[in-house]
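Dear colleague,

Please find below the structure that I am handing over to you. My findings follow directly after it, and I would be grateful if you would read them with the structure open.

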Amino acid sequence: MTTTKERQPTDFATAVERLSKVSVDRHFDAYRDVAWDDPEMAIDPEDPRFELWLDDPLRRTDWYARQPAEVRSRIALHRVATAMRIGWEFENVLQRGLLEHAYWMDGRQPELRYLMHEIAEECQHMLMFQEFANRTGMDIRGMPRHMKLASRMVVLLSRTFPAAFFMFVLAGEDPVDYIQRKQLKEGGSHPATERIMRIHVTEEARHIAFARHYLRRQVPALHGLRRRQLAVMAPIIFGTMARLMAFPSPHTARTFGVPRPDLRRALRSPSGRRLLSEVAAGPRRLCVELGLTRFPYSLLWRVMGVWDDPRAPGGPDEVAPLMEAAAG
Ligand SMILES: [Fe+2]
Ligand SMILES: [Fe+2]
């Protein structure tokens, strides 16, 4: 009889080989597969199809409702282009980490080939994201500076603590995937954002699947201290990345003069809290499955506002400094 332990390596190798095959069968090119110069793809900052998505905390503020339609369009365009620039920076960190991780791998491991496919796909995503941001004609900035500096540590993790690095990978990819799928379901997007999101969710499904397979294989094999370190790091990584990906950036808020109290109220509202909890739902379920969320680590998930009950004591109210950072 085959045990789970004996079956695992083969299952992992089979899954990775399948992901590599699909990467060849179904992949996109940023310039061949997006009709940038088609007249219907032209970006007009006052196009009414640029509207904040329904779950965006800023969309629910009275301040946003009071803005004229053309200003709301400009805000929404700045917001989506900023999200793409943040995506560009996140994928840059991800690629550097994957390259560092791959550098030390045995070339016969099937995941080496898959990782090279993933790096190539992220290059195409970055080309799409930056092209879109440039075509807005706006001053678009990505992550706050302190996060850009901290990203060097993440690259290092890919070598020193790969399980934590792949948690970071999921923490960026899963919330973006959740948001983009929901936006596509809402419909009514501008053709350029719609095309970019469709390409992105198709390829990210593979990246997310790989990170999950990897963590399911690696985490049970970690020794006690490493497991405890990962249990502490996971909610901090997911809480920080969920805010970065789901909340308006400080630069967007400053550019349009969003009053800080309005934004802060929106981020702390029940819907703002629910959004954080929802974008982190996929990775949270995986961490529960891996046994990383037991007491006392569950408290950290609550403190970071990414547990499944956003009204629970110790929720987002206790992470005021992070909220402040998000509000600029
Ligand atoms: Fe991507
Ligand atoms: Fe990705």
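In which hand, left-handed or right-handed, does α4 pass α7? The crossing of α4 with α7 is left-handed. Please bear in mind throughout that this is a predicted model.

Overall architecture

The protein chain contains 14 helices and zero strands. Read from the N terminus, its elements therefore run α-α-α-α-α-α-α-α-α-α-α-α-α-α, and the radius of gyration is 20 Å, in agreement with the value near 20 Å that a compact globule of 328 residues would have. Along the principal axes, the C-alpha atoms occupy a box of roughly 65 × 50 × 35 Å.

Confidence

The average pLDDT of the protein chain is 91, and 91% of the residues reach at least 70. Two segments call for caution. Over residues 1-7 the pLDDT stays under 50, and the model shows one contact beyond four places in sequence for them. Residues 310-328 likewise stay under 50, yet the model has 42 contacts beyond four places in sequence for that segment. Where pLDDT is low, the predicted coordinates should not be read in detail.

Helix packing

Two packed helices are described by the angle between their axes and the distance between the axes.

To return to the opening pair, helix α4 (residues 110-135) packs against helix α7 (residues 191-218) at an angle of about 160 degrees, with the axes 11 Å apart. Because angles over 145 degrees count as roughly antiparallel, α4 is roughly antiparallel to α7. On the α4 side the contact involves Y114, E118, E121, H125, M128 and F132, which meet A192, I196, I199, H200, E203, H207 and F210 of α7. Seven of the residues in this contact of α4 with α7 are nonpolar, three are polar and three are charged.

Helix α3 (residues 69-103) and helix α5 (residues 145-160) have axes that come within 7 Å and cross at roughly 25 degrees. The angle makes α3 roughly parallel to α5. Here α3 passes α5 in a right-handed crossing. From α3, the residues E89, V93, R96, G97, L98, E100 and H101 meet K148, S151, V154, V155, S158 and R159 of α5. The contact of α3 with α5 comprises four nonpolar, four polar and five charged residues.

Helix α5 also meets helix α6 (residues 162-186): their axes come within 6 Å and cross at roughly 135 degrees. That angle makes α5 oblique to α6. The crossing of α5 past α6 is left-handed. V154, L157 and S158 of α5 form this contact with P162, A164, F165 and F168 of α6. By class, six residues of the contact of α5 with α6 are nonpolar and one is polar, with no charged residues.

A cis peptide bond

Most residues other than glycine have a negative phi, and most peptide bonds are trans. The bond from F295 to P296, however, is cis, with omega near 5 degrees. P296 is located in the loop between α12 (281-289) and α13 (297-303).

Yours sincerely

Key: Residues are numbered from 1 along each chain as its sequence is written. Chains are lettered from A and ligands numbered from 1 in the order in which they are written. This is a predicted model: local features need pLDDT of at least 70, side-chain atom pairs count only at pLDDT 80 or more; totals for chains, interfaces and linings use all residues. Axes are lines fitted to C-alpha atoms, for helices over the stretch in contact, and angles run from 0 to 180 degrees between N-to-C directions. Helices (H or I, at least four residues) and strands (E, at least two) are DSSP runs, numbered from the N terminus. Angles under 35 degrees count as roughly parallel, over 145 as roughly antiparallel, 65 to 115 as roughly perpendicular and the rest as oblique. A crossing is left-handed if the near helix is turned anticlockwise from the far one by less than a right angle, and right-handed if clockwise. Two residues are in contact if their C-beta atoms, placed from the backbone, lie within 7 Å. Ala, Val, Leu, Ile, Met, Phe, Trp, Tyr, Cys and Pro count as nonpolar, Asp, Glu, Lys and Arg as charged, and the others, Gly among them, as polar. pLDDT is the predictor's confidence in each residue, from 0 to 100. The radius of gyration is taken over C-alpha atoms; the globule rule is 2.2 Å times the number of residues to the power 0.38.
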